[in-house]
Amino acid sequence: MILFENVTKKYRGTAKPALDGIDLQVDRGEFVFIVGASGSGKSSCLRLILREDQPSVGKIHVLGQDLSKISSRKVPYFRRNLGTVFQDFRLLTNKTVYDNVAFSLQVIGKSRGFIQEAVPDTLEMVGLANKSKRFPHELSGGEQQRVAIARAIVNKPAILLADEPTGNLDPATSLGIMQLLRSINAGGTTVVMATHEATFVDIMQQRVVELSQGVIVRDEQAGGYGETASIPVADLSEAGVRVLRTTEAVVRAALEPEEHARANAAATAGAAAVEEGAGSAAAVAAASAEERAVNAAAAAAAGAAVAAPPTAPDLQAPEASVYEEPRPFDAHDADIDGDEFDETVRADAGPQGKRIPGFLDPGRPIDPVQMSETGNLAAHLGLNRKTDDETDVGPVR
Ligand SMILES: Nc1ncnc2c1ncn2[C@@H]1O[C@H](COP(=O)(O)OP(=O)(O)OP(=O)(O)O)[C@@H](O)[C@H]1O
């Protein structure tokens with residue numbers, strides 16, 4: 001689907017190549033993170049795939065086409081197969097949400113009927129159905145990025161290229177965007193994403209391609225963020241880069257909600273049974289708790305409101321963290337001070353960025369794939385909540 005053969009990219013006036021002898025193959029349906037320190041060549045890589053630039057040496061094939069053979073006139077046609085999302089959203093500021101998404105279909109000559117069907121469907125999927133008449137400056141950063149994602153996927157591209165799509169967003173909002181990208185990938189779109197979001201890369205366990213000074217130093221299936229993540233943040237900020245580490249337990253709970261709910265429910269049942277002191281009752285309770293978790297997941301997928309299963313106050317989040325002890329989720333969490341809970345929240349996210357969003361509630365199982373099929377994804381992710389603006393940061397407020 002994407003093939004780099006011995007690709008070198010040297011920009012005019014520079015001594016060292018930005019990319020140096022890259023061989024890379026990405027297959028259909030993959031989710032690939034491209035990681036690496038600032039200046040390692042991630043964006044250059046994406047620009048070459050998009051045919052915004054040409055390699056100095058080597059060949060690139062995308063969707064079976066040799067990019068060196070595509071004439072400048074044909075490049076826009078080639079790009080119809082690719083969706084792109086950037087850190088700075090790049091929305092048309094004088095157009096509404098609906099028109100931003102519709103515009104990308106109008107310019108490629110889609111019929112009015114097609115547009116009238118595709119745009120609302122896509123806005124529904126990204127959770128912005130109720131904001132279609134807003135202008136970009138009336139949206140939060142996370143909402144603007146979701147418009148950008150809607151615009152990128154409305155024509156059902158084979159490949160979605162994302163260059164630091166969460167770079168301007170606070171951790172809670174980034175999580176919603178990551179879930180959305182994951183569900184898009186689960187729908188069959190190949191996703192290639194350049195990022196510095198260490199926690200998401202570690203937890204999502206997708207393929208990781210690490211660049212260092214223009215060379216691939218690691219290409220790992222189900223990899224983590226790697227050594228780059230351990231560069232001290234002070235050094236990175238000098239280089240204009242931030243490594244982000246949202247608390248792992250929080251991200252895990254959101255990305256693996258069904259397992260989380262299952263473990264939580266089973267533990268709840270176990271605790272209840274112990275209290276009752278009835279051995280055989282424990283098995284029954286565990287079974288019914290299991291059922292409850294499964295039913296809750298099914299109800300969530302069907303778009304129904306799900307009541308949180310009761311949780312014992314001293315239950316632990318099920319995943320052990322390699323970075324820090326996972327701490328319990330309970331009713332107290334809704335009001336917990338972010339200082340206690342998520343010490344790695346980005347410093348410039350402000351106090352609101354430290355609040356735990358409702359969609360991380362472990363009692364609300366999330367299956368983004370099923371939800372994207374049944375609609376109402378945003379409601380489940382808590383992304384269309386009224387207070388969404390409060391948790392987002394972005395260049396346009
Ligand atoms: N248009 C350009 N002209 C000259 N040099 C460039 C150009 N674009 C990128 N470079 C250089 O190429 C190298 C790779 O840059 P690139 O933007 O691909 O890195 P990156 O890994 O995406 O960095 P970041 O994480 O900071 O976005 C850097 O040394 C950069 O200065």
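Biologist: Two strands pair if DSSP finds at least two bridges between them. How many bridges join strand β1 to strand β4?

Modeller: Five bridges join β1 (residues 2-9) to β4 (residues 57-62), and these strands run antiparallel. Strands are DSSP runs of E with at least two residues, and helices are runs of H or I with at least four, numbered from the N terminus. This is a predicted model, in which local features need pLDDT of at least 70 and side-chain atom pairs pLDDT 80 or more, while totals for chains, interfaces and linings use all residues. Residues are numbered from 1 along each chain as its sequence is written.

Biologist: Which residue of β4 is the bridge partner of T8?

Modeller: T8 has V57 as its bridge partner in β4.

Biologist: And what is the strand order in the open sheet?

Modeller: The order is β2-β1-β4-β5, four strands with antiparallel pairing. At the edges lie β2 (19-26) and β5 (65-66), each of which pairs on one side only.

Biologist: Which strands does helix α1 touch?

Modeller: Helix α1 (residues 42-49) packs on the sheet and touches β1, β2 and β4. The direction of α1 makes about 120 degrees with that of β1.

Biologist: Changing topic, at what angle do the axes of α5 and α6 cross?

Modeller: The axes of α5 (residues 141-153) and α6 (residues 171-186) cross at roughly 15 degrees and come within 10 Å. Therefore α5 is roughly parallel to α6 (angles under 35 degrees).

Biologist: Which residues make the contact?

Modeller: From α5 they are G141, G142, Q145, R146, I149 and I153. From α6, T173, G176, I177, L180 and I184 take part (C-beta atoms, placed from the backbone, within 7 Å).

Notes. Axes are lines fitted to C-alpha atoms, for helices over the stretch in contact, and angles run from 0 to 180 degrees between N-to-C directions. Angles under 35 degrees count as roughly parallel, over 145 as roughly antiparallel, 65 to 115 as roughly perpendicular and the rest as oblique. Two residues are in contact if their C-beta atoms, placed from the backbone, lie within 7 Å.
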